[in-house]
Amino acid sequence: HGLDPCLVMGVIARESSFDAHARNRRDVGLMQLNLDWHRDRIARAGGPGSLLDPVRNVRAGTELLAHYHRLGGDDRGALRRYHGLDKRNDYVTRVRTEARRLDAGGACVGHSVTVASR
């Protein structure tokens with residue numbers, strides 16, 4: 001989807017601490033997809049039970065983040081939408097911090113372009 005792998009991993013780190021079976025109310029899996037808000041993506045991923053599959057969860061979550069990136073125009077806008085525009089906290093900063101940490105540790109697949117440049 002053209003997103004920086006470190007950004008995606010930063011979201012995963014922040015949302016689930018890399019726990020593929022994480023659940024928080026109606027949010028499920030690595031990228032904590034909400035069962036009520038993202039029914040279309042969840043259906044395409046194979047249904048609610050499929051969100052515990054790391055590959056399916058990350059595919060659906062990355063698709064959603066890329067959609068938000070197109071709407072928001074940049075990483076910040078995408079992350080704000082991903083977490084909820086009405087929420088006033090430091091989610092964007094925390095995800096970016098995680099992404100930079102993972103990048104510095106060599107944990108990201110591919111070269112970080114987006115996160116390293118900010």
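Biologist: Are α1 and α3 roughly parallel or roughly perpendicular to each other?

Modeller: Keep in mind that this is a predicted model. The axes of α1 and helix α3 (residues 54-72) cross at roughly 115 degrees and come within 11 Å. Angles of 65 to 115 degrees fall in one class, so the two helices are roughly perpendicular.

Biologist: And which hand does the crossing of α1 and α3 have?

Modeller: The helices here are α1, residues 5-16, and α3, residues 54-72. Their crossing is right-handed.

Biologist: What about P5: how far is its C-alpha atom from that of T62?

Modeller: P5 sits in helix α1, and T62 is one of the α3 residues in the contact. Along the chain the two are 57 residues apart, yet their C-alpha atoms are separated by 9.6 Å.

Biologist: Is P5 buried, partly exposed or exposed?

Modeller: Its relative accessible area is 28%. Buried would need under 20% and exposed over 50%, so P5 is partly exposed.

Biologist: Now N34: buried or exposed?

Modeller: You'll find N34 in strand β3, residues 33-34. Its relative accessibility is 16%. The cut-off is under 20%, so N34 counts as buried.

Biologist: Which residue's backbone nitrogen does the side chain of N34 reach?

Modeller: Let's set the other neighbours aside: not counting residues up to four places away in sequence, N34 touches R26, D27 and I42. The backbone nitrogen that its side chain reaches, at 3.0 Å, is that of W37.

Biologist: Last pair: at what angle do helix α4 and helix α5 pack?

Modeller: α4 covers residues 75-83 and α5 covers residues 91-104, with their axes 9 Å apart. α4 is roughly perpendicular to α5, and the crossing is right-handed. The packing angle is about 115 degrees.

Biologist: How many charged residues does the contact of α4 with α5 have?

Modeller: On the α4 side are D75, R76, L79, R80, Y82 and H83, and α5 brings Y91, V92, V95 and R96. Asp and Arg count as charged, Tyr as nonpolar. Next to five nonpolar residues and one polar residue, the charged ones number four.

How values were computed. Residues numbered from 1 in each chain as written. Predicted model: local features only at pLDDT ≥ 70, side-chain atom pairs only at ≥ 80, totals over all residues. Heavy atoms only, no water. Helix = DSSP H or I, 4+ residues; strand = E, 2+ residues; numbered from the N terminus. Buried < 20%, exposed > 50% of the residue type's maximum accessible area, 1.4 Å probe, protein only. Polar contact = N/O pair within 3.5 Å; in protein donor to acceptor, adjacent residues only side chain to side chain. Contact = heavy atoms within 4.5 Å. Axes fitted to C-alpha atoms, helices over the stretch in contact; angles between N-to-C directions. Parallel < 35°, antiparallel > 145°, perpendicular 65-115°, else oblique. Left-handed = near helix turned anticlockwise from the far one by under 90°.
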